[in-house]
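Trainee: Please take a close look at the helix packing in this model. I would like one connected account.

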Amino acid sequence: YITKEEREELDRLKKQPIIYKGSNYSKKVALTFDDGPDVAITKQILNILKKERVPATFFVTGRMVKEYPQMLKQIAQDGHIIGNHTWSHPQLTKISDQKIVTELQRTNDIVEKEIGKKMLLFRPPYGATNSRVRKLAKEQGFLIINWSVDTNDWRGNSGPTIEEIVKKQISNGGIIL
């Protein structure tokens, strides 16, 4: 259930070229994961999310879906949202239009083949975008979702460090990477 104010704000957010956070009216945040799925880490994440009854969004790369289709199916079966994170995780601002479209379409195709659903959300690798990338993503029917909280987990930050980053940066409607 969302309030009238939340619905109106979400409708406005959907018209933005890039969404960095959700509704300011909601005391909710979005938990997101990039670059998977894989067997070891994704399985651990799914177990924790299930135990804690927390929904999340997984931005998957096509090459990892190809490698671990059973993990994609588990993400879907557990009720999480799945978004496109390209096929091979390139810096989209440095490749041709055709390559961008191919990266998005190949990933859409394999995800749809494996779970029968088309993705509507897209997160550009590294959060890197420009007007050309935004235009092509929109033409492919995607909403671009970035983040308001970057945990920098890829740097090897410990759990307590990640928790501290989240506590310092979080606000209503925050999107946690």
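Mentor: What follows covers the helix pairs, the core, and then a few local features.

This is a predicted model, in which local features need pLDDT of at least 70, side-chain atom pairs count only at pLDDT 80 or more, and totals for chains, interfaces and linings use all residues. Residues are numbered from 1 along each chain as its sequence is written, and side-chain values use heavy atoms, with hydrogens and water left out.

Two packed helices are described by the angle between their axes and the distance between the axes. Axes here are lines fitted to C-alpha atoms, for helices over the stretch in contact, with angles from 0 to 180 degrees between N-to-C directions. Helices (H or I, at least four residues) and strands (E, at least two) are DSSP runs, numbered from the N terminus.

Start with α4 and α5. Their axes come within 10 Å and cross at roughly 70 degrees. That makes α4 roughly perpendicular to α5 (under 35 degrees counts as roughly parallel, over 145 as roughly antiparallel, 65 to 115 as roughly perpendicular, the rest as oblique). On the α4 side, P69, L72, K73 and A76 make the contact, and on the α5 side V111, E114 and I115 (contact means heavy atoms within 4.5 Å). By class, this contact has 5 nonpolar, no polar and 2 charged residues. Ala, Val, Leu, Ile, Met, Phe, Trp, Tyr, Cys and Pro count as nonpolar, Asp, Glu, Lys and Arg as charged, and the others, Gly among them, as polar.

Now α2 against α4. The axes lie 11 Å apart, at an angle of about 15 degrees. α2 and α4 are therefore roughly parallel to each other. Their crossing is left-handed. T42, K43, L46 and K50 in α2 meet M71, Q74 and I75 in α4. By class, the contact of α2 with α4 has 3 nonpolar, 2 polar and 2 charged residues.

Next, the core. The largest nonpolar core has 27 residues, and F58, V60, I82, I100, V111 and F122 touch the most other members. Such a core is a set of buried Ala, Val, Leu, Ile, Met, Phe, Trp, Tyr and Cys residues joined through side-chain atoms within 4.5 Å. Buried means under 20% relative accessible area, exposed over 50%, partly exposed in between (1.4 Å probe, protein chains only). The elements giving two or more residues to this core are α2 (40–52), β2 (57–60), α4 (69–77), α5 (97–115) and α6 (131–139). Another core, of 7 residues, lies apart from it, with I19, F59, W147 and I175 among them. I100 touches L92, I95, R132, V133 and L136, not counting residues up to four places away in sequence.

G62 is found in helix α3 (residues 62–67). G62 is buried, at 0% relative accessible area. Beyond its neighbours within four places in sequence, G62 contacts T86, W87, T107 and I110.

Last, the backbone. Most residues other than glycine have a negative phi, and most peptide bonds are trans. The bond from G36 to P37 is cis, with omega near 5 degrees. P37 sits in the loop between β1 (30–34) and α2. R53, in the loop between α2 and β2, has a positive phi, near 60 degrees. R53 is exposed, with a relative accessible area of 75%.

Technical notes:
Left-handed = near helix turned anticlockwise from the far one by under 90°.
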